[in-house]
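Please look through the structure below with an eye to its side-chain contacts. The paragraphs that follow take these contacts in turn.

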Amino acid sequence: MSDPVSDQITRPPDGRAPEEQPRWRQDFPIDQHVEQYVTRREFTKFMVLTSVAFVVGQFWIAAQSLLRRKESAPGLEIARLADLPVGGSLIFDYPEPGQACILVRTGEREAVAFSQLCTHLSCPVIAQADQGRFHCPCHNGNFDLATGQPLSGPPRRPLPRVRLEIRGEHVYAVAMEGMAV
Ligand code: FES
């Protein structure tokens, strides 16, 4: 039968018999040489594998978002230039019904469109083309009309942009950019 004390205590550093060792060695019987240390090589391997996994993950996310963007370019006719004066705006749903966006005609053959939902707390923004901005009346937020970037007020993120194509006399929405995934 084995001695429970000598089973627990490993190599007393002072060479005394296990029975003479202080009480704490019975509570902490593991010697330094048998502890499981993570070697530098193991740590480096772990870091390399973690980094590789991170990079692969980023590529995967980028590929998915590219694929989704390509898939979501159906080309929806949203206006006829003849029906919308320069400086005028209209609301349309894109890319799905119920997802309100706002189109503003900014020139003879130029227009911009963004999600109508304010990036602060989702109130609908209104176009103020003469002031070069979209205005959110809820908390007095403002976005640049040309870029959708926040100008003032609580919003910190830009309005997601609708990519447009003008073909002949018709304006098409062809993709959504900058949507939170
Ligand atoms: S919801 Fe638009 S500024 Fe707050």
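**Side-chain contacts in the model**

The charged end of Arg167 sits over the ring of Tyr172, at 4.2 Å from the ring centre; a charge sits over a ring if NZ of Lys or CZ of Arg is within 6 Å of the ring centre and within 35 degrees of the ring normal. The model is a predicted one, in which local features need pLDDT of at least 70 and side-chain atom pairs count only at pLDDT 80 or more, while totals for chains, interfaces and linings use all residues. Residues are numbered from 1 along each chain as its sequence is written, and side-chain values use heavy atoms, with hydrogens and water left out.

A search of the whole structure finds 1 disulfide (a pair of cysteine sulfur atoms within 2.5 Å), formed by Cys123 and Cys138 with their sulfur atoms 1.9 Å apart. The link of Cys123 and Cys138 is left-handed, with -90 degrees about the S-S bond. Cys123 is buried at a relative accessible area of 16%, whereas Cys138 is partly exposed at 39% (buried means under 20% relative accessible area, exposed over 50%, partly exposed in between, with a 1.4 Å probe and protein chains only). Cys101, at 1%, is buried, and Cys136 is buried at 2%.

The search of the whole structure also finds 1 aromatic pair. The ring centres of Phe114 and Phe134 lie 5.5 Å apart and their planes stand at 75 degrees, so the pair is edge-to-face (rings of Phe, Tyr and Trp, the last by its six-membered ring, pair if their centres lie within 6.5 Å, and planes under 30 degrees apart count as stacked, over 60 as edge-to-face and the rest as tilted). Both Phe114 and Phe134 are buried.
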